[in-house]
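I opened my notebook to look up a few backbone features. My notes follow the picture.

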2 protein chains.
Amino acid sequence: MPGYVRDDLPEEEVERQRDLYGPFTQSIRELVDAGLRTLVADEEVLAVQAEVEALTARLRAKQLEGAYGVRFSAEGRGRPWGNTVVGLRNAVAPPLTIEHHPDRDGRVWSDFHLGAVYEGPPGLVHGGVSALVLDQLLGESAGAGGKPGMTATLTLTYKRGTPLGALRGEAWIERAESYKTWARGHLIGPEGVTVEAEGLFVLPRWAREALAKQDPEKAPPRYFE
Amino acid sequence: MPGYVRDDLPEEEVERQRDLYGPFTQSIRELVDAGLRTLVADEEVLAVQAEVEALTARLRAKQLEGAYGVRFSAEGRGRPWGNTVVGLRNAVAPPLTIEHHPDRDGRVWSDFHLGAVYEGPPGLVHGGVSALVLDQLLGESAGAGGKPGMTATLTLTYKRGTPLGALRGEAWIERAESYKTWARGHLIGPEGVTVEAEGLFVLPRWAREALAKQDPEKAPPRYFE
């Protein structure tokens, strides 16, 4: 399972980290937004920049060598905390909290807010950000249906502009066959559906081989975060 | 031209702002990366969080009410500085610098680097981030060909995983007709093409009407940033 780290963290340690890094990362998200929208004087911008650089140096005193990856605790619960869409520790991520329908395999949804940093055309969500969010939703849908996979194809149809602000995303499984899942979904703004998506998600060969060997140490993740 | 602000900034003021906000925003990008990868002690994380919150308050002392939008100077050069892909002032943006081929209308490319905050599967670029970057490249290609438009459809085909790190993106026009442009493009990693894209870009009605009336005040932007 390349790049998926099983660190056997006990659940209470996972919760402790969640409580620590969640608000910490949110504070950085606020700084990113403020940095884009600030109108303070040049001297103040430069003074804040010097302080930001000092804070970065403090955080880098001890750090991961590369990217975060996906870590699994003893219970097998994945932590995709670096993920660009759902990452608890990633200030680039809005982040989305994705809900799973308890009775219908593969039905997922999320209510979320996209602010100024996700802008494309003025006042509207960047078309590529809609694609980014929908890729994650459809991928989680495929995984929730029991057949996780990496994106093979993704097609977006833009019905109207998606306004920045409060949005809803939904995804579900259209059909599944062997190691392939076809999923669909859409974004909904104040005036209805703005973007529709359909995608094919395919379980990679290494994961298929691990499943065939019934090797629990190399079982594929719930979805390919 | 809804949301496109013409502020008539002289070119030297644009350059001055570029020199100020470019490095400032880059310092925030570094903080975002350090925040994701840090392993310093909890007390230090909390201390940095308090300082980040204080810096945000200083920046918010005076700020834009909403999103940045796209601003045009007297010469008509657009500044999509809040854009999620190319925004000079947006720490969520890598940002990409997109080059235009001087002799071939619509041919654009970009060499760029995607770090830890753009991760999906471990060590790989999030499939949706590839879509985000390609949407921008294809859109700029359509605009560079003289027929800018908003994304109507976008189809991504994933050939293999895209590793985090140094990447190249390219886009070109397949064909154009009236107010529609079909563009294609791809991302290239160390082992070749990783993702292919094709999209249809359509000039919105308000822009078509402005063009028909030959109203220079409402001319559409070079592309729909």
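Where is the place of B:Pro95 in chain B? I found B:Pro95 in the loop between strand E3 (78–79) and strand E4 (99–100). I keep in mind that this is a predicted model.

**Entry: the proline pairs.** The bond from B:Pro94 to B:Pro95 is cis. Its omega is near -15°. Then I turned to chain A. There, the bond from A:Pro94 to A:Pro95 is cis, with omega near -15°. I placed A:Pro95 in the loop of chain A between strand E3 (78–79) and strand E4 (99–100).

**Entry: A:Asp8.** Next I checked phi. For A:Asp8 I read a value near 55°. That is positive, and the residue is not a glycine. I traced A:Asp8 to the loop between strand E1 (4–6) and helix H1 (11–37) of chain A. Is A:Asp8 buried or exposed? I noted 11 other C-beta atoms within 10 Å of A:Asp8. The cut-off for exposed is 12 or fewer. So A:Asp8 is exposed.

**Entry: B:Ser178.** I moved to chain B for another positive phi. B:Ser178 has phi near 50°, and it is a residue other than glycine. I then looked up its C-beta neighbours. B:Ser178 counts as exposed because it has 9 of them inside 10 Å.

Note on methods:
Residues numbered from 1 in each chain as written. Chains lettered and ligands numbered in written order. Predicted model: local features only at pLDDT ≥ 70, side-chain atom pairs only at ≥ 80, totals over all residues. Helix = DSSP H or I, 4+ residues; strand = E, 2+ residues; numbered from the N terminus. Buried ≥ 20, exposed ≤ 12 C-beta atoms within 10 Å, placed from the backbone.
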